Amino acid sequence: MKHRWSSIMAGLPLAGLVLVGAASAAPVDDPAYHYKPNSYCGSCHKEQLRDYSRSMMGKTPHDQVFQQFYLGLDAKGRKDGMGYKALHPDEPGDCANCHTPDMVLNAGHEVDLMDAIAAGSQGISCDFCHTVTDVKVIRDPKTGRYQTAITRVVRRARGDTKGGPYRDAVSPAHKTAYSPIHTRSEFCAMCHLNQEHLLSLSTYADWKQAYDKGVVKRQCQDCHMPTGGKDRPVALGGPVRKAATIHRHLFHGGHFADQVKKAATLGVAGRIQGKQLLVDVRVTNSGAGHTMPDGATLRNILLVVEAYDDAGRPLRHTGGPRETLPPLAGRGKGPRDLAGHPGKMFARPFVTRKGTVPAGGFNADHVLFDTRIRPRETDHSVYHFAAPRSGHARVVVRLVYRWTYKPMADRKGWRLDDLPMARREIEVR
Ligand code: HEC
Ligand code: HEC
Ligand code: HEC
Ligand code: HEC
Ligand code: HEC
């Protein structure tokens, strides 16, 4: 299949860097340039380094979960067949593309992740991001498929010019350049869009659809690199900048309770009708800029519905299996193994050709179900319980976020917390 730059989606900035200041020349790519470590940049940009070091992007590729999913190992380092290398021992895979972009772009082709780490990859570093000059989103208008190989979509200028949001920055350590691409979602699309057999990471595409409709008005940066706080310098020795221009490098997503709390609104109503208690639940994606959840196919959100009588005894669920959580909610005996419990899962799990669930993007054949909620849309579901004898019930409904499916975490030996997103409790008479 041929992809040409002419099939680029509309609305992208054509020029990457617009230079200011008489002394600057257009930055050119210098293949001999070595990316500086984050600690170097952070010696002057302390707030950026502190925030970024705590993010998941700042940790990859050293994040163990990521490496184990690449190598097909469990948390104890034993081979478990679940991972890219278990299926393709002799191929590098595309994993390094977005997790160690420096090495892949330097090589010009896919590289083995472990080789990239051994060769001293800086991961997704300050210096990598700030020497990017342009990102293209390439989509074949006929098939609707994207071309997402990082070597095709990114332009960069390795060297001492750092691009950012200011038009008047002056630094003793490096040249600076105003870079509009850094303020736009297309910058993040470089990695938050992955076309495999399926569109396994669809975050940018989901955002773009909502943005074009006017449903979402903000860029990725506005929500994941929030502004706020006091006016302050962004570098040692730099001028005081307006807080509204300083974007914190937090990148909070599915591993941060504060972020997942911003996404959903829960509406709950109940009524007793003869021998039945009916519970009506509405889940609205009120805060995310894309589907909820989005990102990696492992992410899942559980709606858990419970009903009790006056004495606090659980009421019997009578609504049948269609009102219960699927096996991916956990089939063990623990309190967080919620398969079969009244509720609903919001996710897009992948299935392999042989029918194994969950699959990764790399071995996915088809989608088991897609219940993710689009921005500002509402999911409506109803649950039936046996009515309490006293005619008085208490209903508790909660929404929790899991960065992976419980059965997978159990099998891998990964630690998995339930992050609370929303909770509602009502009395029904
Ligand atoms: C994933 C890419 C990425 C990484 C990694 C990254 N930045 Fe940024 N940075 C951005 C983007 C995007 C903006 C502009 C946000 C906007 O204005 O909308 C920015 C803005 C800035 C600014 C302008 C002031 C501010 O905070 O908004 C400075 C300075 C900066 N980054 C330095 C750093 C340093 C130092 C590091 C490493 C500790 C770093 N960046 C890591 C993407 C990145
Ligand atoms: C010796 C201190 C120092 C070091 C080291 C340093 N910077 Fe800076 N940087 C500055 C100063 C000062 C500014 C200007 C701040 C301003 O004008 O508000 C700046 C500005 C920036 C900007 C904003 C550019 C713009 O036009 O918006 C970015 C991005 C940036 N630096 C990234 C980096 C990166 C990446 C590194 C590591 C490779 C780095 N800096 C290392 C001092 C430093
Ligand atoms: C060079 C590739 C790359 C770029 C550019 C990039 N990301 Fe990421 N991002 C990743 C990877 C890889 C991860 C997963 C890291 C991990 O968990 O190992 C990630 C994770 C995240 C997460 C989830 C963190 C969590 O807590 O689970 C958020 C949010 C995020 N990125 C936002 C952004 C935004 C916003 C931008 C644009 C300003 C951006 N990213 C640009 C590769 C990238
Ligand atoms: C209006 C605010 C908003 C915008 C715009 C936005 N996000 Fe998010 N994002 C959220 C919230 C809230 C969550 C947590 C809920 C969720 O998981 O969807 C989230 C979650 C995420 C996650 C974690 C995985 C997940 O569950 O979805 C990633 C990765 C992410 N966002 C990346 C992006 C990227 C990339 C863009 C731009 C293309 C973007 N976001 C635009 C608010 C936003
Ligand atoms: C196109 C860019 C891209 C490619 C290629 C890619 N990833 Fe990722 N990966 C991401 C982004 C972006 C995230 C974060 C999504 C989110 O937060 O939901 C991520 C998240 C992950 C996570 C979740 C980490 C965690 O701690 O939750 C794992 C595991 C992972 N990737 C493994 C892989 C493997 C294995 C491959 C190769 C088969 C691969 N990735 C290829 C961009 C990419």
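Student: Why is Arg-282 called partly exposed?
Tutor: Arg-282 has a relative accessible area of 41%. Buried means under 20%, exposed means over 50%, and partly exposed is in between, with a 1.4 Å probe and protein chains only. The 41% of Arg-282 falls in between, so the residue is partly exposed.

Student: What do these values rest on?
Tutor: This is a predicted model, in which local features need pLDDT of at least 70 and side-chain atom pairs count only at pLDDT 80 or more, while totals for chains, interfaces and linings use all residues; side-chain values use heavy atoms, with hydrogens and water left out. Residues are numbered from 1 along each chain as its sequence is written, chains are lettered from A and ligands numbered from 1 in the order in which they are written.

Student: What makes the contact of Asp-280 with Arg-282 a salt bridge?
Tutor: The closest N and O atoms of Asp-280 and Arg-282 are 3.9 Å apart. A salt bridge needs a side-chain nitrogen of Lys or Arg within 4 Å of a carboxyl oxygen of Asp or Glu, so the pair qualifies. Asp-280 itself is buried, at 18% relative accessible area.

Student: Is Asp-309 buried or exposed, and what about Arg-313?
Tutor: Asp-309 is buried, with 14% relative accessibility, whereas Arg-313 is exposed at 53%. Their side chains meet in a salt bridge of 3.1 Å, N to O.

Student: How many salt bridges are found in the whole structure?
Tutor: The search finds 28. One of them joins Arg-232 and Glu-47, with the closest N and O atoms 2.7 Å apart. Arg-232 is in the loop between α13 and α14 and Glu-47 is in helix α2 (residues 46-53), so this pair ties together parts 185 residues apart in sequence. Both Arg-232 and Glu-47 are buried. Helices here are DSSP runs (H or I, at least four residues), strands likewise (E, at least two), numbered from the N terminus. Salt bridges also link Asp-206, Asp-294, Asp-370 and Arg-372 in a network.

Student: What makes the contact of His-99 with ligand 5 polar?
Tutor: A polar side-chain atom of His-99 lies 3.0 Å from a nitrogen atom of ligand 5. For a polar contact, a pair of N or O atoms must be within 3.5 Å, so this pair qualifies. A polar side-chain atom of Arg-299 lies 2.8 Å from an oxygen atom of ligand 5. Helix α4 (64-71) and helix α6 (95-99) each give two or more residues to the shell, and α4 gives the most, with four.

Definitions and conventions: A polar contact is a pair of N or O atoms within 3.5 Å; within protein, one must be able to donate a hydrogen and the other to accept it, and residues adjacent in sequence count only if both atoms are side-chain atoms.
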